[in-house]
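Have your viewer open and your selection tool ready. We will go from stop to stop, and each stop says what to select and what is there.

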Amino acid sequence: MTESWEKKVKKMLEEDLKNKTITNENGDLLLKGVKDEVKIVKGKELEKKARVLIQDKKEKKIDELLKKPKNPFKSMAIGEHGGHYYIGTMLYDEVKKRKCPAVVLDDGTCFVCWSEELSNEIKEEFNLNYRFELFDDCIDNLWSNQSILDFRNGVTPELDFKEMFEKIKNKNKELIYHVDDRIHSYISCDIISNYFYPLFNAKGRTYFQAEFGSGKSRQSLIYQKLSFNSLFASNISPASFERVIESTGGTIIVDNFDNCNEDLKRAILQCIEVYYKKGGKNIKADGQGKVKNKPIAFNGYSPLVINNIIGLPEVTESRCNKIQMLRTDKKNIVDIKIKDDDPFWNLTKDNLHVLALQRWKEVKEIYQNLEIPELSARDLERAEAVLTIAKAIGEETYREVLDFLLENNEQQSIRELHDDWEFIVYEYLNESLQEEEKDFKVKDIAEAVAHKIIKSDSTAKKDKDGFSRFAGKVLGNVGIFKKKTIHGWVHYHIKRKDLTKMIQIKKFDKYITLPHPTSPTPPNNTHNTPNIWNNKNNEENEEDKIGLKKKIN
């Protein structure tokens, strides 16, 4: 046995000897008065015994650890943990001149990290496993100490969703012009929802697109003053982006995205596209010294508000609730200064913290039971958080915000169709399939729609080739469209009933007139939109096309 093994065996034997459980055949303790020859023999026996003891202890330790639930990293800034809702803050010890991270629970309990080495109540008593303490220097307006003290002492009154909603909405209407009054309701619900976002599986981004001078920066400033742990993205370096988000759990405000540097733009786009859903992670090499380049999965799920002039990539925009703003000459709105010392901002923000701790269980229950048959897939993901808060405020607000989002989604869909290649494929097939079934060659489809897909004469061949490959994938991925080869060319055998089914699945039936209605009842106006692209000999269709393009532009 090696020296290290002897030490282990001796320690285990000493423990057993205390209980008088290890003896030789004569009843003597094994390590007392034995000859060297016997000691070697007995040593092997003891080694075997010790190995069994060590294995037993190992198995018990494994079972003990497996009984404990996994404890992944969470943000110490805000969240649900151990049956409680908590909000993080930072306390300042003036005597020892140091900061002490702390979390305040919904029942007023406060856990403090007095010292990471000596006493961390957050991890040891509350059992919250966090990676970064709260980067309070990044945040302009944390929950105030006085409000926390009042909440812990039970002197804060019970707050009402509708009252908070009305105050925020009225303030927003006072300072910002929107062409549709329902936008103010959406914004108020959106700001409130930022204090409850850990309860939702997804949080759609709010995107304001507007020309210069339309008030988009003023609107972003109001979000910054009222949203949870808000901070401007322009103040965050790309290298620290994920750490700041995971630490603060904050609402990221992206003002004038067009002016951001390219590295920051990439970080922001990734944040929008990946982190809009809970569980979205960005894995990066991190660390120093021996752990340099160790992969770390950052959790960047948090609210985000963005504005710009020239638009966003299609994939990015699909994660956003998009609002377009217009210029106004209403001097009673645009000339009002947003005063930093207005007590409304800090008081409202303090009350929103308290509201979250008081009413989080109610919001969670509404969210879990919320059914929105009018929305599905990503449209539903984008809207659920805001609609949950609207439901908590009242049925009238819920219907108002839902109607706005439905109309907004409709307008956004129409604007995207003018260059949607998949829509162009299905629209062409719908117009060309006059009989019950027909064979289509991809090359013929590309030639027929060339005027829609070719950007310029110099790119004509490239555009048609690209569209042909795309159309082939679109049709090839539909199992009910049968593929066959005729004279060396791939054709797709398409039946009218199958095409109609796919158009409805894709929800293109809102913009394509189907020749064979599937229901005996007359379709409504939404589903009877005339052909918006082809049939140039039809004057009515041409007028619809021109009108739609004006809307798009």
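**Stop one: around N194**

Select N194 and S227 and show their side chains: the two side chains make a polar contact at 3.1 Å. Keep in mind as you look that this is a predicted model. From C-alpha to C-alpha, N194 and S227 are 6.2 Å apart in space, while 33 residues separate them in sequence. N194 sits in the loop between helix 6 (182–193) and strand 6. Is N194 buried or exposed? Its relative accessible area is 1%, so N194 is buried. Now widen the selection: leaving aside neighbours within four places in sequence, N194 is in contact with K203, Y223, S227, F228, T251 and P303.

To see one of the bridge partners, select R205 and then C320 in strand 12. Next, colour strand 12 (residues 320–324) by accessibility: 4 of its 5 residues are buried, so the strand is mostly covered.

**Stop three: aromatic pairs**

Now show the aromatic rings; the count comes to 18 aromatic pairs. Start with Y86 and F126, whose ring centres are 5.8 Å apart; their planes meet at 80 degrees, so this pair is edge-to-face. Which parts does the pair tie together? Y86 belongs to strand 2 (residues 84–93) and F126 to the loop between helix 3 (121–124) and helix 4 (145–152), so the pair ties together parts 40 residues apart in sequence. Both Y86 and F126 are buried.

Then jump to F423 and F508. Their ring centres lie 5.3 Å apart with the planes at 85 degrees, so this pair is edge-to-face. F423 is in helix 15 (residues 421–432), and F508 is in the loop between helix 19 (496–505) and helix 20 (539–552), so the pair ties together parts that are 85 residues apart in sequence. F423 has 0% relative accessibility and counts as buried. F508 is buried as well, with a relative accessible area of 7%.

**Stop four: lysines over rings**

Finish with two lysines. Select K265 and F257: K265 lies over the face of F257, 5.6 Å from the ring centre. Then select K391 with Y398, where K391 lies over the ring face at 4.1 Å from the ring centre.

Definitions and conventions
Residues are numbered from 1 along each chain as its sequence is written. This is a predicted model: local features need pLDDT of at least 70, side-chain atom pairs count only at pLDDT 80 or more; totals for chains, interfaces and linings use all residues. Side-chain values use heavy atoms; hydrogens and water are left out. Rings of Phe, Tyr and Trp (its six-membered ring) pair if their centres lie within 6.5 Å; planes under 30 degrees apart count as stacked, over 60 as edge-to-face and the rest as tilted. Helices (H or I, at least four residues) and strands (E, at least two) are DSSP runs, numbered from the N terminus. Buried means under 20% relative accessible area, exposed over 50%, partly exposed in between (1.4 Å probe, protein chains only). A charge sits over a ring if NZ of Lys or CZ of Arg is within 6 Å of the ring centre and within 35 degrees of the ring normal. Two strands pair if DSSP finds at least two bridges between them. Contact means heavy atoms within 4.5 Å. A polar contact is a pair of N or O atoms within 3.5 Å; within protein, one must be able to donate a hydrogen and the other to accept it, and residues adjacent in sequence count only if both atoms are side-chain atoms.
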